[in-house]
Amino acid sequence: MKALTRKKYGSPKVLRIEKVEKPIPKEEEILVKVFASTVNRTDCASLRGKPLLTRVATGLFSPKRKIMGTDFAGQVVAIGNKVSNFKVNDKVWGFNDQGLNSHAEYLTIDANKEVIKIPPNTDYASIVCAAEGAHYALNFVNKVEVKPNSKILLNGATGAIGSSLLQILKYQAKEVTAVCNTKNIDLIQSLAADKIINYEVEKFTEAEPESTYDFIFDAVGKSRFSECKHLLKDNGIYISSELGKNAENVFLAMSTQLKSNKKVIFPIPSDIKTSLQFMSDMVDQGKFKSIIDKTFSIDEITKAYEYVETGNKTGSVVVQF
């Protein structure tokens, strides 16, 4: 089978499309034929081994997993003899930020881990866009108590995390001011943002707010708490998807709990399977719109990594097999 491999950390130049042996499922595993995956920020971080802290899980000096990929949507083609919750021909999808070897034509995964069935009448490309970004988005929301009358500012509303977070917040009937660029204003309006700040016209940190916010969610990690603090109400909360300069968001998450009436929370992601089920329900109810920027074939997948690393994607970049 074809698979995207690498032997060391580095830029997309270290990636190779190779023929490798198709895996055989163990007794508690399923074998999945992959039809769609995404190339996302997690994949690019894994590719480069950055931030260095992530290498505790992925391999200190060289990557533990040689095959790339963290999410997938596909069809079960074989099952281990102890698998009872899936059967051959089931359509399934899954995600694991530590890696799933999913940038390949086939993969195996423990049937009790981060994999569930695809909702009826949902195509592979659409459902896989509800994995990585949506999981991180849910971990913004699940780390705090967002009350019905909360006012939220969302920076980076057009990426995989941001567009998912906007839809999740509107699904929960929250008031959201979204920050985006000119070309994506129509998209953000279609996702029901209450207000929009065009960062090509004004910096949201310098904008005069009609009122301050209960929460500032930075889904792209390009702001700093010090720049946003004046926009928060007393007891307001700032969350970023990134560690921040010199990992400041980790330290601020500790220090602001002790001596500030405005808090930083660093949302360590957890409970992937619950995220998958939540997003399956949203998709099944027609409440989630998959935003696909570009689609690549397995043979073009290195170009997909190069594009994602530009930081200019809108929504998700899909790889179809």
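Visitor: How many cavities of 30 Å³ or more does the structure hold?

Guide: The model, which is a predicted one, holds 2 cavities of that size.

Visitor: What makes such a space a cavity, and what makes another space a pocket?

Guide: In a cavity a 1.4 Å probe fits but cannot get out, whereas a pocket is an open set of points.

Visitor: What is the volume of the largest cavity, and which residues are closest to its centre?

Guide: The largest cavity contains about 60 Å³ of space. It is lined by 14 residues, and the closest to its centre are T38, N40, E132, A160 and S316. At least two lining residues come from each of β3 (29–39), α4 (132–141) and β15 (316–320). By class, the lining of the largest cavity has 6 nonpolar, 5 polar and 3 charged residues.

Visitor: Which residues line the second largest cavity?

Guide: C129, A160, S163, S164, F288, K289, I291, G315 and S316 line the second largest cavity, and its volume is about 30 Å³. Helix α5 (residues 160–171) supplies the largest share of that lining, 3 residues. The classes there are 4 nonpolar, 4 polar and 1 charged.

Visitor: What is the volume of the second largest pocket, and what lines it?

Guide: The second largest pocket has a volume of about 400 Å³. Of its 28 lining residues, R65, Q98, G99, L100 and N101 are the closest to the centre. α1 (41–48), α2 (55–58) and β6 (106–110) each give at least two residues to this lining, and β6 gives the largest share, 5 residues. The lining divides into 10 nonpolar, 9 polar and 9 charged residues.

Visitor: Why is S46 called buried?

Guide: Buried means under 20% relative accessible area. S46 has 18% relative accessibility, so S46 counts as buried. This residue sits in helix α1. Leaving out residues up to four places away in sequence, S46 touches R6, Y9 and M68.

Visitor: Why does I30 count as buried?

Guide: The cut-off is again 20%, and I30 has 0% relative accessibility, so I30 counts as buried. I30 belongs to strand β3. Beyond four places away in sequence, the residues that I30 touches include V76, I79, F86, L107 and I109.

Visitor: How far apart are I30 and E206?

Guide: They are 176 residues apart in sequence, and 52 Å apart in space from C-alpha to C-alpha.

Visitor: How do you know that the protein is as compact as a globular protein of its length?

Guide: There are 10 helices and 15 strands in the protein. Its radius of gyration is 20 Å, close to the 20 Å that the globule rule gives for 321 residues, so the protein is as compact as a globular protein of that length. Along its principal axes, the C-alpha trace spans about 60 × 45 × 40 Å.

Visitor: What share of the residues is buried, and what share of the contacts joins residues 24 or more positions apart?

Guide: Of the 321 residues, 52% are buried. Among contacts with a separation of 6 or more, 69% are between residues 24 or more positions apart.

Visitor: How much accessible surface does the protein have?

Guide: The accessible surface comes to about 15,100 Å², and 50% of that belongs to carbon and sulfur atoms.

How values were computed. Residues are numbered from 1 along each chain as its sequence is written. This is a predicted model: local features need pLDDT of at least 70, side-chain atom pairs count only at pLDDT 80 or more; totals for chains, interfaces and linings use all residues. Side-chain values use heavy atoms; hydrogens and water are left out. On a 1 Å grid over the protein atoms alone, a cavity is a set of points where a 1.4 Å probe fits but cannot get out, and a pocket is an open set with protein on both sides within 12 Å along at least five of seven lines; lining residues have an atom within 4 Å of a point. Grid points are joined across faces, edges and corners, and a volume is the space filled by probe spheres set on the points. Helices (H or I, at least four residues) and strands (E, at least two) are DSSP runs, numbered from the N terminus. Ala, Val, Leu, Ile, Met, Phe, Trp, Tyr, Cys and Pro count as nonpolar, Asp, Glu, Lys and Arg as charged, and the others, Gly among them, as polar. The radius of gyration is taken over C-alpha atoms; the globule rule is 2.2 Å times the number of residues to the power 0.38. Buried means under 20% relative accessible area, exposed over 50%, partly exposed in between (1.4 Å probe, protein chains only). Contact means heavy atoms within 4.5 Å. Accessible areas come from the Shrake-Rupley method with a 1.4 Å probe; for residues, only the protein chains shown count as cover.
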